[in-house]
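Here are some questions about the labels used for this model. Each answer sets a value against its cut-off.

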Amino acid sequence: MVIARPVQGKNRNLKTRISLALFALYFALPFIKINGNQSLLLDITERRFYIFGMIIGPNEMYFLHLTLLFLGILLFFSTAVWGRIWCGWACPQTVFTEAYDFVGRLVAGKSFGKKSMTWFDWSKVYAAWIVISLVFNYIFISYFAGADYMWERLSTLNFSNDGDPSWPLGNWVMGTLAASAIAFGNMSYFRENMCRLVCPYGRFQTALLDKDSPIVTYDVKRGEPRRQKGQKEGEGDCTACNMCNAVCPTGIDIREGLQIGCLTCGLCVDACTIEMGKKGKEPLIAWKTVAQSTDPSAVRKIWRPRVVIYAILLAIIVGLFTYRVVTRIPIQAIPFAEPSTFKQYLPTVGIKTDYSITLSNFYPETHKIRIEVVSEDPNVKLMSDLVAGQKYFEAELASTKTLKPRLPVVYAAPTPQDIPADKEFVNFKFKIYAAEKPDKIKWADALIRLK
Ligand code: SF4
Ligand code: SF4
(Lines give C-alpha, C1' and ligand atoms only; values in the text may rest on other atoms or scores of the structure.)
(Ligands and ions follow the chains in the order given, each with its own letter.)
Protein backbone atom coordinates (compact mmCIF):
# COMPACT_ATOMS: atom_id res chain seq x y z
CA MET A 1 0.00 0.00 0.00
CA VAL A 2 1.37 3.40 -0.99
CA ILE A 3 1.09 6.19 1.56
CA ALA A 4 2.34 9.34 -0.10
CA ARG A 5 4.40 11.80 1.87
CA PRO A 6 2.85 15.24 2.35
CA VAL A 7 4.30 18.08 0.29
CA GLN A 8 3.82 21.82 0.06
CA GLY A 9 3.43 23.78 -3.12
CA LYS A 10 1.13 25.40 -5.67
CA ASN A 11 -0.44 22.17 -6.89
CA ARG A 12 -0.93 20.93 -3.35
CA ASN A 13 -2.70 24.15 -2.31
CA LEU A 14 -5.00 24.13 -5.31
CA LYS A 15 -5.75 20.43 -4.84
CA THR A 16 -6.61 21.02 -1.17
CA ARG A 17 -9.05 23.78 -2.09
CA ILE A 18 -10.71 21.63 -4.75
CA SER A 19 -10.94 18.64 -2.39
CA LEU A 20 -12.51 20.79 0.36
CA ALA A 21 -15.06 22.17 -2.09
CA LEU A 22 -15.92 18.66 -3.33
CA PHE A 23 -16.24 17.39 0.23
CA ALA A 24 -18.49 20.30 1.18
CA LEU A 25 -20.70 19.50 -1.81
CA TYR A 26 -20.71 15.78 -1.00
CA PHE A 27 -21.79 16.38 2.61
CA ALA A 28 -24.24 19.19 1.88
CA LEU A 29 -26.24 17.88 -1.10
CA PRO A 30 -28.30 15.24 0.76
CA PHE A 31 -29.36 17.88 3.30
CA ILE A 32 -30.27 20.65 0.86
CA LYS A 33 -33.97 20.74 0.03
CA ILE A 34 -35.45 21.98 -3.24
CA ASN A 35 -39.26 22.13 -3.51
CA GLY A 36 -39.39 20.20 -0.25
CA ASN A 37 -37.41 17.24 -1.62
CA GLN A 38 -33.81 16.16 -1.18
CA SER A 39 -31.77 18.02 -3.81
CA LEU A 40 -30.19 14.82 -5.13
CA LEU A 41 -31.82 11.49 -4.33
CA LEU A 42 -31.66 8.38 -6.50
CA ASP A 43 -34.52 6.31 -5.13
CA ILE A 44 -33.87 3.11 -7.06
CA THR A 45 -36.42 0.92 -5.23
CA GLU A 46 -39.24 3.36 -6.05
CA ARG A 47 -37.70 4.06 -9.47
CA ARG A 48 -37.74 7.82 -8.89
CA PHE A 49 -34.86 10.27 -9.16
CA TYR A 50 -34.97 13.65 -7.43
CA ILE A 51 -32.58 15.90 -9.33
CA PHE A 52 -32.36 19.51 -8.17
CA GLY A 53 -36.10 20.10 -7.96
CA MET A 54 -37.16 17.74 -10.76
CA ILE A 55 -38.74 14.37 -10.02
CA ILE A 56 -37.87 11.94 -12.78
CA GLY A 57 -39.88 8.78 -13.25
CA PRO A 58 -39.08 5.54 -15.08
CA ASN A 59 -40.51 6.90 -18.36
CA GLU A 60 -37.98 9.74 -18.41
CA MET A 61 -34.77 7.74 -18.37
CA TYR A 62 -33.55 9.74 -21.36
CA PHE A 63 -32.47 12.35 -18.78
CA LEU A 64 -30.17 9.74 -17.28
CA HIS A 65 -28.89 8.74 -20.72
CA LEU A 66 -28.23 12.37 -21.66
CA THR A 67 -26.44 12.97 -18.35
CA LEU A 68 -24.22 9.91 -18.81
CA LEU A 69 -23.48 10.91 -22.39
CA PHE A 70 -22.64 14.44 -21.24
CA LEU A 71 -20.32 13.19 -18.50
CA GLY A 72 -18.60 10.77 -20.90
CA ILE A 73 -17.94 13.47 -23.51
CA LEU A 74 -16.96 15.95 -20.78
CA LEU A 75 -14.31 13.44 -19.72
CA PHE A 76 -13.03 13.27 -23.33
CA PHE A 77 -13.07 17.08 -23.59
CA SER A 78 -11.32 17.72 -20.26
CA THR A 79 -8.67 15.08 -21.03
CA ALA A 80 -7.91 16.70 -24.39
CA VAL A 81 -7.71 20.20 -22.88
CA TRP A 82 -6.30 19.63 -19.38
CA GLY A 83 -4.95 16.06 -19.46
CA ARG A 84 -5.96 13.52 -16.82
CA ILE A 85 -7.39 16.24 -14.62
CA TRP A 86 -10.24 14.00 -13.49
CA CYS A 87 -7.89 11.34 -12.10
CA GLY A 88 -5.56 13.57 -10.16
CA TRP A 89 -7.93 16.27 -8.99
CA ALA A 90 -11.55 15.20 -8.76
CA CYS A 91 -11.87 11.39 -8.80
CA PRO A 92 -13.38 10.11 -5.51
CA GLN A 93 -10.50 7.60 -5.22
CA THR A 94 -8.01 10.49 -5.17
CA VAL A 95 -10.06 12.81 -2.96
CA PHE A 96 -10.93 10.12 -0.41
CA THR A 97 -7.35 8.78 -0.30
CA GLU A 98 -6.21 12.24 0.73
CA ALA A 99 -8.91 12.43 3.40
CA TYR A 100 -7.90 9.05 4.85
CA ASP A 101 -4.23 10.09 4.87
CA PHE A 102 -5.11 13.39 6.53
CA VAL A 103 -6.87 11.49 9.32
CA GLY A 104 -3.99 8.99 9.49
CA ARG A 105 -1.55 11.84 10.04
CA LEU A 106 -3.78 13.41 12.69
CA VAL A 107 -3.87 10.13 14.61
CA ALA A 108 -0.32 8.81 14.13
CA GLY A 109 1.58 12.06 13.68
CA LYS A 110 4.69 12.36 11.53
CA SER A 111 5.41 8.65 11.66
CA PHE A 112 2.28 7.92 9.60
CA GLY A 113 3.12 5.63 6.70
CA LYS A 114 6.78 5.28 7.68
CA LYS A 115 8.53 2.04 8.59
CA SER A 116 8.94 3.37 12.14
CA MET A 117 5.16 3.23 12.72
CA THR A 118 4.31 0.90 15.59
CA TRP A 119 1.45 -1.63 15.61
CA PHE A 120 -0.21 0.58 18.24
CA ASP A 121 -0.13 3.56 15.87
CA TRP A 122 -1.55 1.37 13.10
CA SER A 123 -4.37 0.13 15.33
CA LYS A 124 -5.30 3.74 16.15
CA VAL A 125 -5.22 4.65 12.45
CA TYR A 126 -7.34 1.64 11.47
CA ALA A 127 -9.89 2.47 14.19
CA ALA A 128 -10.12 6.06 12.92
CA TRP A 129 -10.42 4.81 9.32
CA ILE A 130 -13.31 2.54 10.30
CA VAL A 131 -15.10 5.52 11.86
CA ILE A 132 -14.60 7.78 8.84
CA SER A 133 -15.57 4.94 6.48
CA LEU A 134 -18.89 4.70 8.33
CA VAL A 135 -19.42 8.47 8.21
CA PHE A 136 -18.51 8.85 4.51
CA ASN A 137 -20.65 5.91 3.51
CA TYR A 138 -23.59 6.90 5.66
CA ILE A 139 -23.62 10.05 3.52
CA PHE A 140 -23.10 8.01 0.34
CA ILE A 141 -26.09 5.75 1.07
CA SER A 142 -28.25 8.78 1.93
CA TYR A 143 -28.10 9.66 -1.78
CA PHE A 144 -30.07 6.45 -2.38
CA ALA A 145 -32.10 5.87 0.79
CA GLY A 146 -32.87 9.49 1.72
CA ALA A 147 -31.11 11.61 4.34
CA ASP A 148 -34.31 12.36 6.32
CA TYR A 149 -35.36 8.73 6.45
CA MET A 150 -31.90 7.57 7.56
CA TRP A 151 -31.54 10.30 10.18
CA GLU A 152 -35.00 9.57 11.58
CA ARG A 153 -33.94 5.91 11.93
CA LEU A 154 -30.47 6.62 13.27
CA SER A 155 -31.59 9.24 15.80
CA THR A 156 -34.08 6.77 17.30
CA LEU A 157 -31.59 3.88 16.99
CA ASN A 158 -34.05 2.03 14.82
CA PHE A 159 -31.96 -0.28 12.62
CA SER A 160 -34.79 -2.68 11.82
CA ASN A 161 -36.06 -3.73 8.44
CA ASP A 162 -39.65 -2.53 9.00
CA GLY A 163 -40.77 -5.90 10.29
CA ASP A 164 -39.51 -7.89 7.30
CA PRO A 165 -38.41 -11.18 8.88
CA SER A 166 -36.13 -12.14 5.95
CA TRP A 167 -33.38 -9.82 7.18
CA PRO A 168 -32.91 -8.30 10.62
CA LEU A 169 -31.39 -4.96 9.53
CA GLY A 170 -32.74 -2.15 7.37
CA ASN A 171 -31.43 -1.85 3.82
CA TRP A 172 -29.80 1.48 4.61
CA VAL A 173 -27.87 -0.12 7.49
CA MET A 174 -26.75 -3.00 5.28
CA GLY A 175 -25.82 -0.57 2.50
CA THR A 176 -23.79 1.63 4.86
CA LEU A 177 -21.97 -1.35 6.39
CA ALA A 178 -21.22 -2.95 3.02
CA ALA A 179 -20.02 0.30 1.42
CA SER A 180 -17.92 1.09 4.53
CA ALA A 181 -16.28 -2.33 4.43
CA ILE A 182 -15.42 -1.88 0.74
CA ALA A 183 -14.09 1.65 1.36
CA PHE A 184 -12.02 0.51 4.34
CA GLY A 185 -10.55 -2.42 2.37
CA ASN A 186 -9.83 -0.11 -0.55
CA MET A 187 -8.10 2.52 1.56
CA SER A 188 -6.21 0.22 3.91
CA TYR A 189 -5.04 -2.31 1.32
CA PHE A 190 -5.94 -1.79 -2.33
CA ARG A 191 -5.52 1.97 -2.89
CA GLU A 192 -3.20 2.78 -5.78
CA ASN A 193 -3.98 -0.57 -7.41
CA MET A 194 -7.43 0.80 -8.18
CA CYS A 195 -5.80 3.40 -10.48
CA ARG A 196 -3.01 1.23 -11.75
CA LEU A 197 -4.82 -2.07 -12.32
CA VAL A 198 -8.59 -1.76 -12.13
CA CYS A 199 -9.92 1.60 -13.24
CA PRO A 200 -10.94 1.53 -16.93
CA TYR A 201 -11.06 5.33 -17.08
CA GLY A 202 -7.36 5.52 -16.35
CA ARG A 203 -6.68 3.35 -19.34
CA PHE A 204 -8.85 5.06 -21.86
CA GLN A 205 -8.03 8.53 -20.56
CA THR A 206 -4.41 7.83 -21.39
CA ALA A 207 -5.52 6.80 -24.88
CA LEU A 208 -7.39 10.11 -25.21
CA LEU A 209 -4.26 12.21 -24.85
CA ASP A 210 -2.83 13.75 -27.98
CA LYS A 211 0.37 15.71 -28.59
CA ASP A 212 -1.20 18.94 -27.27
CA SER A 213 -2.63 17.46 -24.06
CA PRO A 214 -0.81 18.47 -20.88
CA ILE A 215 1.05 15.81 -18.92
CA VAL A 216 3.50 15.85 -16.05
CA THR A 217 6.93 15.11 -17.39
CA TYR A 218 10.54 14.83 -16.26
CA ASP A 219 13.30 16.71 -18.08
CA VAL A 220 15.66 13.83 -18.88
CA LYS A 221 18.15 16.06 -20.69
CA ARG A 222 18.71 18.31 -17.69
CA GLY A 223 18.21 15.73 -14.98
CA GLU A 224 20.38 12.84 -16.18
CA PRO A 225 22.78 11.36 -15.37
CA ARG A 226 21.43 11.83 -11.88
CA ARG A 227 23.55 11.89 -8.75
CA GLN A 228 24.74 8.41 -7.75
CA LYS A 229 25.39 7.03 -4.28
CA GLY A 230 28.57 8.46 -2.86
CA GLN A 231 28.58 11.44 -5.26
CA LYS A 232 28.07 14.96 -3.93
CA GLU A 233 26.90 16.26 -7.28
CA GLY A 234 25.76 14.32 -10.32
CA GLU A 235 26.45 15.39 -13.88
CA GLY A 236 22.77 16.02 -14.38
CA ASP A 237 20.65 18.19 -12.09
CA CYS A 238 18.63 15.38 -10.45
CA THR A 239 19.88 15.00 -6.88
CA ALA A 240 18.19 11.59 -6.57
CA CYS A 241 16.39 12.86 -3.48
CA ASN A 242 13.48 10.60 -4.53
CA MET A 243 10.94 13.06 -3.17
CA CYS A 244 9.04 12.97 -6.48
CA ASN A 245 8.56 9.26 -5.89
CA ALA A 246 7.77 9.61 -2.17
CA VAL A 247 4.94 12.14 -2.67
CA CYS A 248 3.36 10.22 -5.55
CA PRO A 249 -0.05 8.81 -4.55
CA THR A 250 0.39 5.82 -6.87
CA GLY A 251 4.04 5.29 -5.96
CA ILE A 252 5.41 5.60 -9.49
CA ASP A 253 8.70 7.19 -10.49
CA ILE A 254 7.92 9.84 -13.11
CA ARG A 255 11.61 9.84 -14.13
CA GLU A 256 10.88 6.54 -15.89
CA GLY A 257 8.54 8.30 -18.31
CA LEU A 258 4.78 8.66 -18.82
CA GLN A 259 2.91 5.76 -17.19
CA ILE A 260 -0.71 4.65 -16.77
CA GLY A 261 -0.23 5.08 -13.01
CA CYS A 262 0.39 8.83 -13.39
CA LEU A 263 -2.74 10.69 -12.32
CA THR A 264 -1.31 14.06 -13.35
CA CYS A 265 -1.84 15.35 -9.83
CA GLY A 266 1.26 17.54 -10.01
CA LEU A 267 2.51 16.70 -6.50
CA CYS A 268 5.88 15.56 -7.85
CA VAL A 269 6.15 18.98 -9.53
CA ASP A 270 5.80 20.56 -6.07
CA ALA A 271 8.38 18.14 -4.61
CA CYS A 272 10.93 18.87 -7.34
CA THR A 273 10.23 22.62 -7.15
CA ILE A 274 11.28 22.48 -3.49
CA GLU A 275 14.37 20.35 -4.19
CA MET A 276 15.56 22.34 -7.19
CA GLY A 277 14.63 25.59 -5.41
CA LYS A 278 17.39 24.83 -2.91
CA LYS A 279 19.84 25.13 -5.81
CA GLY A 280 18.10 28.12 -7.34
CA LYS A 281 17.07 26.08 -10.39
CA GLU A 282 13.85 25.41 -12.22
CA PRO A 283 12.16 22.08 -11.31
CA LEU A 284 13.02 19.07 -13.44
CA ILE A 285 9.40 17.93 -13.38
CA ALA A 286 6.82 20.21 -14.95
CA TRP A 287 3.51 20.41 -16.76
CA LYS A 288 4.12 20.18 -20.49
CA THR A 289 2.24 18.97 -23.51
CA VAL A 290 3.14 15.58 -24.93
CA ALA A 291 4.86 17.41 -27.84
CA GLN A 292 6.79 19.77 -25.53
CA SER A 293 8.13 16.82 -23.53
CA THR A 294 10.34 15.95 -26.53
CA ASP A 295 10.53 19.37 -28.24
CA PRO A 296 10.49 22.24 -25.70
CA SER A 297 9.86 24.76 -28.47
CA ALA A 298 6.58 23.12 -29.54
CA VAL A 299 3.67 25.58 -29.31
CA ARG A 300 0.51 24.28 -27.74
CA LYS A 301 -2.71 24.41 -29.74
CA ILE A 302 -5.83 24.45 -27.58
CA TRP A 303 -8.53 24.39 -30.27
CA ARG A 304 -7.73 21.19 -32.15
CA PRO A 305 -10.39 19.39 -34.25
CA ARG A 306 -11.12 16.88 -31.46
CA VAL A 307 -11.58 19.66 -28.88
CA VAL A 308 -13.95 21.51 -31.22
CA ILE A 309 -15.94 18.33 -31.92
CA TYR A 310 -16.23 17.52 -28.20
CA ALA A 311 -17.30 21.11 -27.47
CA ILE A 312 -19.99 20.97 -30.18
CA LEU A 313 -21.27 17.62 -28.89
CA LEU A 314 -21.42 19.00 -25.35
CA ALA A 315 -23.32 22.06 -26.53
CA ILE A 316 -25.82 19.84 -28.41
CA ILE A 317 -26.40 17.66 -25.36
CA VAL A 318 -26.84 20.68 -23.07
CA GLY A 319 -29.28 22.20 -25.57
CA LEU A 320 -31.26 18.97 -25.83
CA PHE A 321 -31.32 18.53 -22.07
CA THR A 322 -32.47 22.11 -21.52
CA TYR A 323 -35.18 21.75 -24.16
CA ARG A 324 -36.46 18.54 -22.54
CA VAL A 325 -36.45 20.16 -19.09
CA VAL A 326 -38.33 23.25 -20.28
CA THR A 327 -40.95 21.31 -22.24
CA ARG A 328 -41.42 18.34 -19.91
CA ILE A 329 -44.81 17.59 -18.38
CA PRO A 330 -44.20 15.92 -15.02
CA ILE A 331 -47.10 13.51 -15.30
CA GLN A 332 -46.72 9.89 -16.27
CA ALA A 333 -49.74 8.31 -17.94
CA ILE A 334 -49.75 4.80 -19.40
CA PRO A 335 -53.12 3.73 -20.84
CA PHE A 336 -53.97 0.06 -21.14
CA ALA A 337 -57.11 -1.21 -22.87
CA GLU A 338 -58.67 -4.05 -20.91
CA PRO A 339 -58.88 -6.88 -23.51
CA SER A 340 -62.00 -8.36 -21.88
CA THR A 341 -63.88 -5.14 -22.68
CA PHE A 342 -62.99 -4.89 -26.41
CA LYS A 343 -65.94 -4.26 -28.76
CA GLN A 344 -68.61 -4.47 -26.08
CA TYR A 345 -71.84 -3.16 -27.51
CA LEU A 346 -74.16 -1.48 -24.99
CA PRO A 347 -77.65 -1.00 -26.45
CA THR A 348 -78.64 2.71 -26.80
CA VAL A 349 -75.07 3.74 -25.84
CA GLY A 350 -72.52 2.32 -28.26
CA ILE A 351 -69.26 0.37 -28.30
CA LYS A 352 -67.35 0.57 -25.05
CA THR A 353 -63.76 -0.18 -24.13
CA ASP A 354 -62.43 0.17 -20.58
CA TYR A 355 -59.03 1.79 -20.24
CA SER A 356 -56.89 1.45 -17.13
CA ILE A 357 -54.49 4.36 -16.90
CA THR A 358 -51.44 4.24 -14.68
CA LEU A 359 -51.24 7.84 -13.61
CA SER A 360 -48.30 9.27 -11.62
CA ASN A 361 -47.81 12.83 -10.46
CA PHE A 362 -44.16 13.90 -10.73
CA TYR A 363 -44.84 17.52 -9.87
CA PRO A 364 -43.25 18.37 -6.52
CA GLU A 365 -46.71 19.25 -5.15
CA THR A 366 -50.26 17.80 -5.02
CA HIS A 367 -52.41 18.43 -8.11
CA LYS A 368 -55.87 17.69 -9.40
CA ILE A 369 -55.08 15.61 -12.45
CA ARG A 370 -57.64 15.60 -15.24
CA ILE A 371 -58.12 13.20 -18.11
CA GLU A 372 -60.15 14.03 -21.20
CA VAL A 373 -60.78 12.16 -24.43
CA VAL A 374 -59.99 14.02 -27.66
CA SER A 375 -60.75 12.66 -31.12
CA GLU A 376 -61.41 13.91 -34.64
CA ASP A 377 -64.50 11.70 -34.54
CA PRO A 378 -67.06 13.42 -32.27
CA ASN A 379 -68.64 10.05 -31.45
CA VAL A 380 -65.69 9.03 -29.28
CA LYS A 381 -66.27 10.17 -25.70
CA LEU A 382 -65.74 9.33 -22.12
CA MET A 383 -68.71 7.30 -20.89
CA SER A 384 -69.22 9.91 -18.12
CA ASP A 385 -69.52 12.59 -20.81
CA LEU A 386 -72.05 10.63 -22.82
CA VAL A 387 -74.32 9.71 -19.93
CA ALA A 388 -73.91 12.65 -17.53
CA GLY A 389 -72.12 15.45 -19.41
CA GLN A 390 -69.00 15.04 -17.24
CA LYS A 391 -66.31 15.84 -19.80
CA TYR A 392 -63.30 14.80 -17.79
CA PHE A 393 -62.15 12.49 -15.07
CA GLU A 394 -60.45 14.27 -12.16
CA ALA A 395 -58.49 12.97 -9.16
CA GLU A 396 -56.33 14.66 -6.56
CA LEU A 397 -52.88 13.12 -6.58
CA ALA A 398 -50.07 13.89 -4.15
CA SER A 399 -46.52 14.31 -5.44
CA THR A 400 -44.92 11.01 -6.58
CA LYS A 401 -48.17 9.07 -5.95
CA THR A 402 -49.71 6.76 -8.52
CA LEU A 403 -53.36 6.05 -9.25
CA LYS A 404 -54.90 3.54 -11.66
CA PRO A 405 -58.37 4.75 -12.64
CA ARG A 406 -60.50 2.64 -14.96
CA LEU A 407 -62.16 4.83 -17.58
CA PRO A 408 -64.84 3.52 -19.94
CA VAL A 409 -64.54 5.13 -23.38
CA VAL A 410 -67.40 4.77 -25.86
CA TYR A 411 -68.05 5.13 -29.52
CA ALA A 412 -71.56 6.61 -29.41
CA ALA A 413 -73.90 4.44 -31.50
CA PRO A 414 -77.44 4.22 -30.13
CA THR A 415 -78.23 1.41 -32.62
CA PRO A 416 -75.89 -1.14 -34.22
CA GLN A 417 -76.61 0.52 -37.57
CA ASP A 418 -74.85 3.65 -36.30
CA ILE A 419 -71.52 1.80 -36.20
CA PRO A 420 -69.61 2.66 -39.41
CA ALA A 421 -69.19 -0.50 -41.49
CA ASP A 422 -65.98 0.72 -43.17
CA LYS A 423 -63.95 1.32 -40.00
CA GLU A 424 -62.15 -1.26 -37.94
CA PHE A 425 -61.16 1.15 -35.20
CA VAL A 426 -61.16 4.84 -34.33
CA ASN A 427 -58.10 6.61 -32.95
CA PHE A 428 -58.29 9.06 -30.10
CA LYS A 429 -55.99 10.62 -27.52
CA PHE A 430 -56.12 10.96 -23.79
CA LYS A 431 -55.43 14.55 -22.81
CA ILE A 432 -53.92 14.60 -19.34
CA TYR A 433 -53.04 17.72 -17.35
CA ALA A 434 -53.03 19.24 -13.90
CA ALA A 435 -56.15 21.40 -13.41
CA GLU A 436 -53.91 24.17 -12.06
CA LYS A 437 -51.65 24.02 -15.15
CA PRO A 438 -54.03 23.52 -18.08
CA ASP A 439 -51.46 24.58 -20.69
CA LYS A 440 -49.04 21.75 -19.77
CA ILE A 441 -50.65 18.84 -21.53
CA LYS A 442 -49.56 15.24 -21.77
CA TRP A 443 -50.99 13.25 -24.67
CA ALA A 444 -51.38 9.48 -24.81
CA ASP A 445 -52.52 7.64 -27.96
CA ALA A 446 -55.33 5.08 -27.79
CA LEU A 447 -58.01 3.52 -29.98
CA ILE A 448 -61.41 1.96 -29.76
CA ARG A 449 -62.14 -1.16 -31.80
CA LEU A 450 -65.38 -1.23 -33.75
CA LYS A 451 -65.10 -4.74 -35.25
S1 SF4 B 1 3.98 10.90 -11.10
FE2 SF4 B 1 3.63 12.95 -10.26
S3 SF4 B 1 1.83 13.70 -11.32
FE4 SF4 B 1 1.93 11.50 -11.67
S5 SF4 B 1 0.65 10.64 -10.04
FE6 SF4 B 1 2.74 10.63 -9.29
S7 SF4 B 1 2.93 12.56 -8.18
FE8 SF4 B 1 1.11 12.73 -9.44
S1 SF4 C 1 12.37 15.46 -6.90
FE2 SF4 C 1 13.53 16.25 -8.63
S3 SF4 C 1 15.60 16.15 -7.89
FE4 SF4 C 1 14.47 14.87 -6.53
S5 SF4 C 1 14.65 12.82 -7.41
FE6 SF4 C 1 12.79 13.73 -8.24
S7 SF4 C 1 13.46 14.63 -10.19
FE8 SF4 C 1 15.32 14.26 -8.99
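Q: What is the handedness of the crossing of helix 2 and helix 13?
A: The crossing of helix 2 and helix 13 is left-handed. A crossing gets that label if the near helix is turned anticlockwise from the far one by less than a right angle, and right-handed if clockwise. Helices here are DSSP runs (H or I, at least four residues), numbered from the N terminus. This is a predicted model, where local features need pLDDT of at least 70, side-chain atom pairs count only at pLDDT 80 or more, and totals for chains, interfaces and linings use all residues. Residues are numbered from 1 along each chain as its sequence is written, while chains are lettered from A and ligands numbered from 1 in the order in which they are written.

Q: What makes helix 2 antiparallel, rather than parallel, to helix 13?
A: The axes of helix 2 (residues 62-82) and helix 13 (residues 305-327) cross at roughly 155° and come within 9 Å. Axes are lines fitted to C-alpha atoms, for helices over the stretch in contact, and angles run from 0 to 180 degrees between N-to-C directions. Angles over 145 degrees count as roughly antiparallel, under 35 as roughly parallel, 65 to 115 as roughly perpendicular and the rest as oblique. Therefore helix 2 is roughly antiparallel to helix 13.

Q: Which residues make the contact between helix 2 and helix 13?
A: Helix 2 contributes residues including Leu-66, Phe-70, Ile-73 and Phe-77. Helix 13 contributes, among them, Tyr-310, Leu-314, Ile-317 and Phe-321. Contact means C-beta atoms, placed from the backbone, within 7 Å. By class, this contact has 19 nonpolar, no polar and two charged residues. Ala, Val, Leu, Ile, Met, Phe, Trp, Tyr, Cys and Pro count as nonpolar, Asp, Glu, Lys and Arg as charged, and the others, Gly among them, as polar.

Q: How do you know whether Arg-203 is buried or exposed?
A: Arg-203 has 12 other C-beta atoms within 10 Å, so Arg-203 is exposed. Arg-203 lies in helix 9 (residues 200-207).

Q: What sets the phi of Leu-157 and Ala-240 apart?
A: Most residues other than glycine have a negative phi. Leu-157 has a positive phi of about 50°. Ala-240 has a positive phi of about 55°. Leu-157 lies in the loop between helix 6 (147-155) and helix 7 (171-190), and Ala-240 in the loop between helix 10 and helix 11. Leu-157 has 7 other C-beta atoms within 10 Å, so Leu-157 is exposed. Ala-240 has 16 C-beta neighbours inside 10 Å, so Ala-240 counts as partly exposed.

Conventions:
Helices (H or I, at least four residues) and strands (E, at least two) are DSSP runs, numbered from the N terminus. Two residues are in contact if their C-beta atoms, placed from the backbone, lie within 7 Å. A residue is buried if 20 or more other C-beta atoms lie within 10 Å of its own, exposed if 12 or fewer, and partly exposed in between; C-beta atoms are placed from the backbone.
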